[in-house]
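Please view the sequence and the structure below before reading on.

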Amino acid sequence: LLPGASEIYKQQILQALEDQLGLKSGERDGDIGGDDRLVTTVGHMRNSDVTIDSNGDIYVALCIDRDPSGREIKVYISRDGGTRFGNWGVLDDPSSAENFMEPTILACEGSENRIYLAYRRYVTGSGDSEIRMVYAQLGEPMATFSSEITVLSQPGVDFMRPRLASDAVNWDSYFLYLVAEGSQEPGGNDIWFARSTNFGVSFETPYQIGTLVPDDRNYSLPDICYGYDGWIHVAWYFHFPGHEYDATIRYRRAPSWADGGVGSWENMVDLTGHTNGMDEWRPRIAASPSSPEIVIGYSRSEWQGTYFVVRPTGFLGSYNYGASFDAGVIFSGSSGRMLDVEYQQSTEDFIALETFQSNPGVRRTDRSDLAGWSECLFLGDGEYYTGTSWDIGLGIDPTNDDRVCTAWTDGTASTEPNDLWFDAEWHTDPGYPNYEDGFPRDLMDRPYSPPALVDLNGDGNLEI
């Protein structure tokens, strides 16, 4: 600005900056991450999941549409805290009819140090899909996956949405636990459970822990976790397509690592109502491995006559191993979608990952106050489209003070290519690029001078 520039001229410049360049301070309050890192742009991407081992190696599993048809799962690895990612392994088949979908990935360390990857495998036109799993050794330069282990397969049943858990946090000779949704006709969708006691080499005979007979109702989108004292916890949602009843969250638990088969599971519990005018769905569950607390986070939506409106998320909490859920909270304000819930041992916090204002963000609460959830703090730097039901995972890094990270896709619901992004709390540390929101910016024309900082309007903030 020239000396003596008028106040009107200054305001015109400020308005031009906002209108033409989108530079406005305070556009993204509460950002706890660094700059969003582009992991890959390989094609049209769908579900992703994240896990981290004790060395801080970050593994991201991703479902990708193949050209011209079919889907594959790729696993990316970062050995430098998420600064760079490279290919680590792929599940694919030359046949375009093969689909590898809905990955859930888990790092387990103990007597065997392995990455476990469970997924849905579907052959186009076959009508049925299976849940399978592979594993590879931690620390390998490139993954050497085991042969595929078929966990769930039954004629006439279409299996989907696997979720995987283990008790490796407490036991070197850990078990693996898997739940999934099974759809068959006639009959509604059911919830299936399977357990491995030999590090994933094989699974015991699976069985149903949530069963429906009528065709007009379904159990869907289960999640599973291991909790203190050998309790296994599962949550899912119950919905009535075409009925006036609302979707609701259901829960079931088994003591003693589910040693007694289907007979070890206690009665199912309905945690939310069928007639409250709100659909509660997509539950995510986590438990402390050293105390009796459990948290269930869930999405909420409301029917508006011809369409659903997404509402703010809700939480349920138990202080007694799931015997009752006495703590609860429902948020107001901007809508969100529940994505993941984890327990952070070092701080004794539960952490929830959700989309909030079209952005991945996290909330926290201490295990002593399961209704005391914080506001949602952002990990992404802008608004993203992550699909209406695609999965996104939350990782906790023991080499970075147990801080969290996530990876998510950005794009449309069509087959257009989109991007996979990554961000982490520790990316605010010195040494990581962390531009202010909206930077770097492309200029409209070639500059004729270096940039300068000046307080144009006397409000104490600098303009460029």
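## Basis of the description

Contact means heavy atoms within 4.5 Å. This is a predicted model, in which local features need pLDDT of at least 70, side-chain atom pairs count only at pLDDT 80 or more, and totals for chains, interfaces and linings use all residues. Residues are numbered from 1 along each chain as its sequence is written, and side-chain values use heavy atoms, with hydrogens and water left out.

## Overall architecture

The chain contains 1 helix and 28 strands; helices (H or I, at least four residues) and strands (E, at least two) are DSSP runs, numbered from the N terminus. Of the 464 residues in the chain, 54% are buried. Here buried means under 20% relative accessible area, exposed over 50%, and partly exposed in between (1.4 Å probe, protein chains only).

Among contacts between residues at least 6 apart in sequence, 54% join residues at least 24 apart. The accessible surface of the chain is about 20000 Å², with 48% belonging to carbon and sulfur atoms; such areas come from the Shrake-Rupley method with a 1.4 Å probe, and for residues only the protein chains shown count as cover.

## Surroundings of Arg163

Arg163 belongs to strand β10 (residues 157–166) and counts as buried, at 10% relative accessibility. Leaving aside residues up to four places away in sequence, Arg163 touches Thr104, Tyr177, Leu178, Val179, Pro222, Asp223, Ile224, Arg284 and Asp340.

The side chains of Arg163 and Asp223 are joined by a polar contact of 2.9 Å. A polar contact is a pair of N or O atoms within 3.5 Å; within protein, one must be able to donate a hydrogen and the other to accept it, and residues adjacent in sequence count only if both atoms are side-chain atoms.

## Charges over rings

Arg120 lies over the face of Tyr122, at 5.8 Å from the ring centre, and Arg253 lies over the face of Trp231, at 4.0 Å from the ring centre. A charge sits over a ring if NZ of Lys or CZ of Arg is within 6 Å of the ring centre and within 35 degrees of the ring normal.

## Backbone with positive phi

Most residues other than glycine have a negative phi. Leu221, although not a glycine, has a positive phi of about 50°; Leu221 is found in strand β14 (residues 218–227) and is buried, with a relative accessible area of 11%.

Tyr321, also not a glycine, has a positive phi of about 65°. Tyr321 is found in the loop between β20 (308–318) and β21 (327–330) and is partly exposed, with a relative accessible area of 26%.
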